[in-house]
Amino acid sequence: GALGLVRGAGVVVSPPPNPQSGLPGGGDVAVPHGAPCPQWPYCRKRCSYCNFNKYVVPVVDEAAVGSCLVREARTLLRLSRVQRWVLKGGGRFWGGGWGAFGAHLQLPRSLPSSVTSVFFGGGTPSLASPGTVAAVLEAIAGAAHLPADAEVTLEANPSSASPQRLQGFRAAGVNRLSIGVQSLDDAELRLLGREHTAAEARGAVEAARGLFPGRTSIDLIFGLPGQSRDAWSRGLEAALGLCDDHLSLYQLTLERGTALAAQVFGGNLPTPPQDLVADMYHIACAALLSAGFRHYEVSNFARKGALSTHNLSYWRAEQYIGVGPGAHGRFVPWGEGGCRREARVQTLEPDAWMREVQSRGHGTRRRTVLSPLEQLEEVLALGLRTDEGVPHERWGRFSPHLSLEAVFGAPGEAAELQQQGWLVLDGGGLRCRREGLALLDSLLPGLLCQLQRGWARAAAAAHGDGTPGRISTGDGGEAAPGIAGAVSGGSGE
Amino acid sequence: MTLAGRTAAWWARLRSPRLPATPLCLPPWLPTGPAACERPYSSHGKEKLDMSTYPVESIRNFSIIAHVDHGKSTLADRLLEITGTIAKTDHNKQVLDKLQVERERGITVKAQSASLFYNYEGVNYLLNLIDTPGHVDFSYEVSRSLSACQGVILVVDANEGIQAQTVANFYLAFEAQLAIIPVINKIDLKNADPERVEKQIEKLFDIPVDECVRISAKKGTNVETVLQKVIEKIPPPQCNTADPLKALVFDSTFDHYRGVVANIALFGGEIQKGHKIVSAHTKKRYEVNEVGILTPNEQPTHKLYAGQVGYVIAGMKEVTEAQIGDTLFLYKQPVEPLPGFKSAKPMVFAGMYPVDQTEYNNLKSALERLTLNDSSVTVHRDSSLALGAGWRLGFLGLLHMEVFNQRLEQEYNMSVILTAPTVPYKAVLSSAKLIKEYGKAEITIINPAQFPDKLSVSEYLEPTVLGTIVTPQEYIGKIIVLCQDRRAVQKDMVYIDEHRVMLKYLFPLNEIVVDFYDTLKSLSSGYASFDYEDAGYQAADLIKMDILLNGNPVEELATIIHKDKAYAAGKFLCERLKDAIPRQLFEIAIQAAIGKKIIARETLKAYRKNVVAKCYGGDITRRMKLLKRQAEGKKLMRKIGNVEVPRDAFIRVLKRQTDK
């Protein structure tokens, strides 16, 4: 049988907390999250809108891919020195035929750290066999602490989500399912190049809700070429009748290089009008709000507290480990003496990735040390996507000496945006108002400018020479000797 | 006489420099066939020619003039081949057109000359062909070349007949009182109708039908006859080698190793290496390093004599030292200078900016090098708040501008932003204060920022041109409507035969600088031709139109425009801006205004949604990169009030539209 593995299997990891305690790094050391994201990079079919790193191949050597995911997860967990983790497979490794599948492990910030969530992403990870998923989870549990209640999500396609398979995944340790429904209209599904029908999607969601009650999420896409306001309203209504407690609504992004984009840019399909798409978004937000959902991130809605722990860890700028071809990670490689957060990317192409894992234990292709300012930029840009925004406490962990107030309280972009009603800075922190959230990408460039100016000013005041130096501790305030700048080619064990 | 015979004669002549100038008898036993057609000098390397064997009586200086594509360069190729100046191969296409742009566009931009040797009825002749540019933009080059000639070959396509440029070129030659040899080319074409064309020539130019020579330059048919006509009908130059040196500079090029190479026509005396010469214009003294003829490559000679055409290299460092129209004479033997040329006046101006400001210095040096060889371009430093530092360039016309831009791209690999062309307006000042300030009552306005208020002006003036349009009669209706729409006044309308009409219109120049030619071509299915000549200034109802963003004027978009055209132009600019400015967090009013009066408006609605849908682990790096680039871009944006306008939007609005 086909084997799916984690595309972005993600593990979110929480490192130990106190920056003042002699233990390095605030942001990356203290919070009880850690998220591995194993990636299953294979798909059975190419969807017309998808530009992920995914591979459609006739036969996948599932045993080989699976053992590589296991090995890479172990290696990276050891590197991050997480004893306890959360693992997420979100990635590239699951696929139809096979898309990328990977796991993302989320690292908790408390000591002793543990894996707080795991996300199996892709590709199409539901194409992998439950046995492979089980093996990855066992490896994670063996290398770090994986609490019994840690969120373990698997991305599934309706066409590879039979009750039997789903049962198998549950037995393997998966406790949350994210189903790529995309649409409940057969014509729209054909336009998107999906291989399932609306009826199959309904069947899959119903089966999943039976097995993962309260922990089944569905994805929908809106803003398709030719889609009307009414068609979207009808689709939304149907989805509300079907869904559990979590929904992700994605505006279609026409990615260069995809079949759908080529048809639109070539004039064969109409460009979805900006204002219509904005209407669709606002219609959906209102409908979901009245159905009791919390709009907790730009595209994510949950009720009864069913927020995705794993995805929140990205927006909260926590640490995570990407396992599998093309998976991304953000963590401090304590295991090799590093003390600064790194952005890491695993090798994209599955065969090459496997060779690297087999010879070196991991397929890390690029490592970039993130400077304290770069980390703050991510904290800002990601945090503002959520309804909680960037709380003072989180900001302070990354920037103990330059407060949120000091950067954005002074006259400047943020003050103007507050005045215009898009943004709030108060006792809780900095966050978007509901109207501002829909415009976030117009707000961020100005806010980043203001942050960069504030940072440079503070650095000049601290040093008189314009280098940021010690004004931040963040995870990496004090740089460890031996690691500087970007390191390419991975390294490791 | 056979080709081989002539070649052999040159061999003989070149081998024995003291050969008498008397007609040669050509030995009939010399080899014949293609091998004999090689260039007479090519195997001689640097050996210098003796030009004393060509007295004034055996010299003919002439040009070929024609409408574009009527076969001027092909005829020149054949003449070069027949006279053995170049080898006869299948590859001789536009031999005299050396620039890449000339070959690609099939046009001649830069005048070139070539000396041809031809034996006719036993006499060795030196025929100097001075190739001229075919387009009206370069008519200053044409008149410059014609002043060194005594006659022209007027080439007309046997199928297309007389076209607009044929008319313009004819008058240039006619006014210079040159002998004119009408030649009907392309008689081998299926649709050729030489009788009709002969009648057109008779009707329009008053040249008897029987004087026309019918040829096919492509096939070589009758080309010999053309050479014979050149000898029979064009008079030799009137001058004497015994007189003191008097040389007219009619062109110049710049060579990195040897400095300025000046093309000269000798109106008297002789010139050789070592001579001390003086420029009548600059009074500077030079010593001659090298003289020679162009074949068409430089071919050194011992001397050049009165009536001959060639080049001189004399240690001039800059092209401006070899001013076109200048007269050179021997040190201590001054002569009355030849009547100089009017220097070329720019008719069309455009801003030129580097695409990236870091390229400024590279572009600057490319411009400097290119203008060395094209002194007709005027260059003034300019800067724009939106586009940065750049230049305002003056060109002779639109084609000139395009050609210049293309040469920058091709020869110097520079990519530039070229703004939409404008014309130089004038204002007659009535305010005593302003007159005192400018030191004169009539000022030229190139930049709209300098446009003086109506209250201090007695009248505004705009440049005009006299346009000639030749068209099949079925398009007359549409063309007349087009011309009226462009504020043109009809001056003449003549049927040149049963089917073709020549129209003359006085156009405001600014009405034809942007898209007139393309529109004319498309509404006549390509059949109408157009040419124009400078016709001075006329009074015009000009105004300055401002563009406002949320009420704040955008300096770089202000335009000087005729009152009747303001509404349409304002609407057009507002629409273009609406497409070019990205949506922002608030609504933006884009308005065109004359003084306080708004004449056009577009509204750019506020963004209602602008946030990327997915941002998970794998998307973050890419997302941050894009955001930081946008943050950087924000610092470079031009802020008009609260509206941020990216440089790119200015480029899209200001740039010349080439894809009409």
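Visitor: In E17(A), which residue is the bridge partner of Val390(A)?

Guide: The model is a predicted one. Strand E17 of chain A covers residues 429–432 and runs antiparallel to E15(A), to which 2 bridges join it. Within E17(A), the bridge partner of Val390(A) is Leu430(A).

Visitor: Which strands of chain A stand at the edges of this sheet?

Guide: The sheet is open and has 3 strands, paired antiparallel in the order E15-E17-E16 (chain A). A strand with a single partner has one side left without a neighbour in the sheet, so the edges are held by E15 (390–391) and E16 (423–425) of chain A.

Visitor: About how much area do chain B and chain A bury between them?

Guide: The size of an interface is often given as the accessible area lost when the parts come together. Here 27 residues of chain B are in contact with 45 residues of chain A. Of the area buried between the two chains, 55% lies on carbon and sulfur atoms. The total for chain B and chain A is about 3400 Å².

Visitor: How many salt bridges does the rule find across the interface of chain B and chain A?

Guide: A salt bridge requires a nitrogen-to-oxygen distance within 4 Å. The side chains of Arg622(B) and Glu255(A) meet in one, at 3.6 Å. Across the interface of chain B and chain A, the number of salt bridges found is 7.

Visitor: On the side of chain B that touches chain A, how many residues are charged?

Guide: The residues on that side of chain B include 11 nonpolar and 5 polar ones. The charged residues there number 11.

Terms used
Residues are numbered from 1 along each chain as its sequence is written. Chains are lettered from A and ligands numbered from 1 in the order in which they are written. This is a predicted model: local features need pLDDT of at least 70, side-chain atom pairs count only at pLDDT 80 or more; totals for chains, interfaces and linings use all residues. Side-chain values use heavy atoms; hydrogens and water are left out. Contact means heavy atoms within 4.5 Å. Buried area is the accessible area (1.4 Å probe) that two parts lose on being put together, summed over both. Ala, Val, Leu, Ile, Met, Phe, Trp, Tyr, Cys and Pro count as nonpolar, Asp, Glu, Lys and Arg as charged, and the others, Gly among them, as polar. Two strands pair if DSSP finds at least two bridges between them. Helices (H or I, at least four residues) and strands (E, at least two) are DSSP runs, numbered from the N terminus.
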